[in-house]
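I opened this entry to keep track of what I looked up, in the order I looked.

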Amino acid sequence: MAKIIEIKNVIKAFGSKRVIQDLSFDVEAGEIFAFLGPNGSGKTTTLRCLLNIYKPDQGELLINGKIFSTEMSEFIGYLPEERGLYLNSKVLEILIYFGELKGLSKNVAKDRAIKYLERVELLDKSNIDIKRLSSGQQQKIQLGITIINNPKLLILDEPTKGLDPINRALLLEILMELNKQGSTIIFSTHQMEEVEKIANRLVMIKDGKRVLYGTVNQVKKEFGKNLIFINYNSLQNKPFPLNDNLYTAKIENNYAELTPRFNITNLEILDFLVDRGIDIINFNVDLPSLDDIFLNVMHEAVI
Amino acid sequence: MRKTLIIAKREYVKVIRKPAFWISTLFIPIFIIVISLMSGFSSTEFQQKIKNGADNAKTIFILDQSNYIHFDKIVKPFERINDVEKAKAIVRNNEADALIYIASDFDKTRNIEVYEQDKGLFLQSRFNSKVSDLIKDSILSELNDQQKKNTYNANYKFNITSYKNVEVIIKSIQNLVIPGISLILYFILTTFATSYLLLSVAEEKENRIMEIILSTVKPKELITGKIIGLIGIIITQVLFLIIFSIVGLVIMGAIFSSNYDIHQLINSVLYTKDNIKFININLVELLLGLFYTFTGFFILACTMVGVGSAMPTYKEAQGLSSIFIMISVLPFYFITIILADPAGSVSQVFSYIPFTANFVLLFRNALGALTLPEIIISIVVLIVYSYIALVLAFKLFEVGSLEYSKRITLKTLFNR
């Protein structure tokens, strides 16, 4: 697939503090790409460098093979982490204003703005001042500004930050729709379940350095450990058997979470438990969650 | 350019739609009119009070040991007296209004002693002009030649021919019309117009919308758009002031003049040929005035962009910007010194200090007090100041516009 974003060996420092250190990754056309990292890891700075708001000290950040210029805003939508609105302006007026700035004619901008307001159930608020909207409603307007030009590339810095579960679900739904229509999406987030839900690939950074990179499943396989979740009948008053050669275990009442030792298969563990007479109700094998990987990676050594 | 014009249009409409804009625009002429009327009224009232204070006097004793005052001129309320101490006692007991004592050495000292009943600080001098007139009348009465007497009392006409650089120049108070308008324009630009620009930049930063905008337009397009919008606002404000003045003149004329001819008045205001003759436009001075006004506006506009970008909130930005606005209008306080000696050292020093330079140069230009080398130096200096202001504004904008919660220090500015 064609690369729509190329980040190549980027270094950026503010004064003596290096915020991004030799960072490289690509985003392919048509994918949803998650950009992960703890607070202060350099995600926002990277996105600002990508949009040429900050100049990198070294390396290249390219969109469709070129350094970003504001002329590209006609096919790009950017939702920054620190986002606000003109609080004293009318809802419809501000959507049209940004539509025009992104190259749409006034009439087209107005049509799209009205359709979007209908979609997010805010059409009845189109002629009121933005300051009179709730914060969730204001976030919908911010998203509207971002996507009014039907962008081919969406760059979203923590798009679901501060949203309630209903609005978060709506936003993810809109993003999936846009992706189906051909938009490439790169988004930063701390919500790993969002990544698992919609992302094809991800990169995770720590202190400006890349620590994880690949498809969601690749990352899980490569950096996570297999987990076995067991529900069993504890009425027999038998203790859950322990075997340090096979696994480590966390046991609570009739539930056990096992981490297999290196080169031990799930079947070997199942056989062992059946041999010990454990009345197994449920035996589930799962890859670790991204949340776990995130926590592990952040606490362990940088790759 | 398209984006710049979209921004300019928005900035213009945003301000023009605010009732506060029209209230403040209306407030300027009303404020000027009210202050002028109050000042004129209080001055007339004051003069009248002084005159009444003297006219209402019943007894003013005169003891003239210099013999300047003729006896036949001493009529009521004046009354001759020979005993100073007795007259003082009468005045002290409030049985007479005042005692005027002119000593025999008046020729040398020109001193006149006045003993009066206290009527307040400002009425202490109420007898001065009456006594001066009495002395002058007495001296004049000794003059037998009626023609000389008429000449003494006449108002003289002065026909002045001024030379500058060997040539004769025509100067009159009418020459101050265009510079006067420039000064009013400069005042509007510095105090009102640039504050809209500050509000616009600081509001975008405070509302955290700057980053969305900067991903769509270049900083240059954004700032240029804002300044074009601002110029539109100023033109609207000035046009409004002109229309308001004409309407005001028509209404005032209709109210106060019984022989009022509305067509004549409108013609006198609008008939440009006559007005140009009246105003005496000097093209070089006019262009220079425009240059000083525009660069002054530009430097302050850049300053407002810089201040708005450097401060985290509009309130803090407003506090800092007021310092620059105060420096810009500082020469107003030295206006009498500049007027009295437009080529003097005070005027010259202020002509090269950033923020005060434009106002002082504008004023000195109006008074014809700038030499050719000074004009050249001032143009170069103001272009340099404008360039520095522009560079600093962009640098502050680049560094500060996305620092939502921090003030930008000089260290931060030059570290980035």
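**Cores.** I started with the largest nonpolar core of this predicted model. I count 140 residues in that core. A:Phe98, A:Ile141 and A:Val195 have the most contacts inside it. Helix 12 of chain B, residues 283-310, gives the most to this core, with 11 residues.

I then went back to A:Ile141. Which residues does A:Ile141 touch, not counting those up to four places away in sequence? I listed A:Leu85, A:Val91, A:Ile94, A:Leu95, A:Leu117, A:Leu122 and A:Leu133.

**Between the chains.** Next I looked at chain B against chain A. An interface's size is often stated as the accessible area lost when the parts come together. Here I noted a buried area of about 2700 Å². Carbon and sulfur atoms give 54% of that area. On the chain B side, B:Arg10, B:Glu211 and B:Ile212 lose the most area to chain A. Together they account for 24% of what that side buries. In residues, 25 of chain B are in contact with 31 of chain A.

I turned to the polar part. There are 11 residue pairs in polar contact between chain B and chain A, both residues at pLDDT 80 or more. I also noted four salt bridges between the two chains. I wrote down the salt bridge of B:Lys218 with A:Glu71, where the closest N and O atoms are 2.9 Å apart. Helix 1 (2-16), helix 7 (177-206) and helix 8 of chain B each supply at least two residues of the side that touches chain A. Helix 1 of chain B gives the most to that side, with six residues.

**B:Glu211.** B:Glu211 sits in helix 8 of chain B, residues 210-214. Is B:Glu211 buried or exposed? I call B:Glu211 buried because its relative accessible area is 0%. Its side chain makes a polar contact with the side chain of A:Arg48, at 2.8 Å. Leaving aside neighbours within four places in sequence, B:Glu211 is in contact with residues of chain A including A:Ile53, A:Tyr78, A:Pro80 and A:Glu82. From chain B, the contacts of B:Glu211 include B:Leu402 and B:Tyr404.

**Cysteines.** A:Cys49 is buried, at 3% relative accessible area. B:Cys302 is buried too, at 5%.

Notes
Residues are numbered from 1 along each chain as its sequence is written. Chains are lettered from A and ligands numbered from 1 in the order in which they are written. This is a predicted model: local features need pLDDT of at least 70, side-chain atom pairs count only at pLDDT 80 or more; totals for chains, interfaces and linings use all residues. Side-chain values use heavy atoms; hydrogens and water are left out. Helices (H or I, at least four residues) and strands (E, at least two) are DSSP runs, numbered from the N terminus. Buried means under 20% relative accessible area, exposed over 50%, partly exposed in between (1.4 Å probe, protein chains only). A polar contact is a pair of N or O atoms within 3.5 Å; within protein, one must be able to donate a hydrogen and the other to accept it, and residues adjacent in sequence count only if both atoms are side-chain atoms. Contact means heavy atoms within 4.5 Å. A nonpolar core is a set of buried Ala, Val, Leu, Ile, Met, Phe, Trp, Tyr and Cys residues joined through side-chain atoms within 4.5 Å. Buried area is the accessible area (1.4 Å probe) that two parts lose on being put together, summed over both. A salt bridge is a side-chain nitrogen of Lys or Arg within 4 Å of a carboxyl oxygen of Asp or Glu.
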